[in-house]
Amino acid sequence: ADDYVHASERLGKLGLKRAQRAEVVRVLLHCCGAEAGYNAFYALLAARLCASHREYRFAFHFALWDAFKALDEAPLHRAANTAKMLAALLLRAA
């Protein structure tokens, strides 16, 4: 995708079911945590998805709970990137 708007439009055209949307959320969190440095693209895309579909918002709640339960085993960059993503979502009231 060219940018987060383009990515969200492409995801919207897929016609995903609820379980598939939850998987998109888990992949977004995984990709965000895997980056060496924080990449705001993932938070922008997450906020846009949460604004467009209520199911994404609930999926992020559950996925973030699971991510924070596993923080003690996660590398520092993964924990920091996940926390920054959550902070960005809270700032956008997503």
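The model is predicted: local features need pLDDT of at least 70, side-chain atom pairs count only at pLDDT 80 or more, and totals for chains, interfaces and linings use all residues. Residues are numbered from 1 along each chain as its sequence is written, and side-chain values use heavy atoms, with hydrogens and water left out.

Helix H2 covers residues 18-34. Helices are DSSP runs (H or I, at least four residues), numbered from the N terminus. At 1.5 Å a residue, the 17 residues of H2 should span 24 Å. The expected span is 1.5 Å times one less than the number of residues. The end C-alpha atoms of H2 are 25 Å apart, which agrees.

The buried residues of H2 are Arg21, Ala22, Val24, Val25, Leu28, Leu29, Cys32 and Gly33. Viewed down the axis of H2, these residues fall within an arc of 165 degrees, so they line one face of the helix. The arc is that of the directions from the helix axis to the C-beta atoms. Buried means under 20% relative accessible area, exposed over 50%, and partly exposed in between (1.4 Å probe, protein chains only). The cover over the buried residues of H2 includes helices H1 (4-13), H3 (40-52), H4 (54-69) and H5 (76-91).

Alanine 59 belongs to helix H4. This alanine 59 counts as buried, at 12% relative accessibility. Leaving aside neighbours within four places in sequence, alanine 59 is in contact (heavy atoms within 4.5 Å) with Ala22 and Val25. Both Ala22 and Val25 are among the buried residues of H2. The C-alpha atoms of alanine 59 and arginine 21 are separated by 7.5 Å, although the two are 38 residues apart along the chain.

Three salt bridges are present in the structure. A salt bridge is a side-chain nitrogen of Lys or Arg within 4 Å of a carboxyl oxygen of Asp or Glu. In one of them, arginine 21 pairs with glutamate 55 at 2.8 Å, N to O. Arginine 21 lies in helix H2 and glutamate 55 in helix H4, so the pair ties together parts that are 34 residues apart in sequence. Arginine 21 is buried at 15% relative accessibility. Glutamate 55 is partly exposed at 29%.

Glutamate 23 and arginine 26 form another salt bridge, with the closest N and O atoms 2.7 Å apart. They are three residues apart in helix H2, so about one helical turn separates them. Both ends are partly exposed: glutamate 23 has a relative accessible area of 39%, and arginine 26 has 44%.

Lysine 69 and aspartate 66 also meet in a salt bridge (3.9 Å, N to O). Both lie in helix H4, three residues apart, about one turn of the helix. Lysine 69 is exposed at 64% relative accessibility, whereas aspartate 66 is partly exposed at 47%.

Tryptophan 65 is in helix H4. With a relative accessible area of 52%, tryptophan 65 is exposed. Phe58, Phe62 and Trp65 form a nonpolar surface patch, with about 360 Å² of accessible area together. Patches are made of residues with over 30% relative accessible area and no salt bridge: like charges are joined within 9 Å, nonpolar side chains (Val, Leu, Ile, Met, Phe, Trp, Tyr) within 5 Å. Accessible areas come from the Shrake-Rupley method with a 1.4 Å probe; for residues, only the protein chains shown count as cover.

Threonine 82 sits in helix H5. It is buried, with a relative accessible area of 5%. Apart from neighbours within four places in sequence, threonine 82 is in contact with Leu64, Ala67 and Phe68.

How values were computed:
Helices (H or I, at least four residues) and strands (E, at least two) are DSSP runs, numbered from the N terminus.
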